[in-house]
Amino acid sequence: MRVPYILALLALVFAAAAALRWIRNPRRPGPATRTWLLIAAIFTAVAAWLQWHTS
């Protein structure tokens, strides 16, 4: 499996973890939820960059 796909899959996993955590406390996202979202955004950005800049 290519690295961009692995990173994209990890981004989905972290986004799902953030969503599950946010569902448990819908009023206000806690620090763990924001951290999961930040990690998902970083993995998404790196996977996109690798997809566009490598062949």
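Tutor: Rings of Phe, Tyr and Trp, the last taken by its six-membered ring, count as a pair if their centres lie within 6.5 Å. With that in hand, note that the model is a predicted one. Phe 14, Trp 36 and Phe 43 form one aromatic cluster, and a search of the whole structure finds 2 aromatic pairs. In one of the pairs, the ring centres of Phe 14 and Phe 43 are 5.5 Å apart and the planes stand at 20°, so this pair is stacked; the cut-off for stacking is planes under 30 degrees apart. Phe 14 belongs to helix H1 (residues 3-24) and Phe 43 to helix H2, so the pair ties together parts that are 29 residues apart in sequence.

Leaving out residues up to four places away in sequence, Phe 14 touches Trp 36, Ile 39, Ala 40 and Phe 43. For Ile 39, which is 25 residues from Phe 14 along the chain, the C-alpha atoms of the two are separated by 6.8 Å. Phe 14 has 19% relative accessibility and therefore counts as buried, since buried means under 20%.

Thr 33 is found in helix H2, which covers residues 31-53. Thr 33 counts as buried because its relative accessibility is 3%. Again leaving out residues up to four places away in sequence, Thr 33 touches Ala 18, Arg 21 and Trp 22.

How values were computed:
Residues are numbered from 1 along each chain as its sequence is written. This is a predicted model: local features need pLDDT of at least 70, side-chain atom pairs count only at pLDDT 80 or more; totals for chains, interfaces and linings use all residues. Side-chain values use heavy atoms; hydrogens and water are left out. Helices (H or I, at least four residues) and strands (E, at least two) are DSSP runs, numbered from the N terminus. Buried means under 20% relative accessible area, exposed over 50%, partly exposed in between (1.4 Å probe, protein chains only). Contact means heavy atoms within 4.5 Å. Rings of Phe, Tyr and Trp (its six-membered ring) pair if their centres lie within 6.5 Å; planes under 30 degrees apart count as stacked, over 60 as edge-to-face and the rest as tilted.
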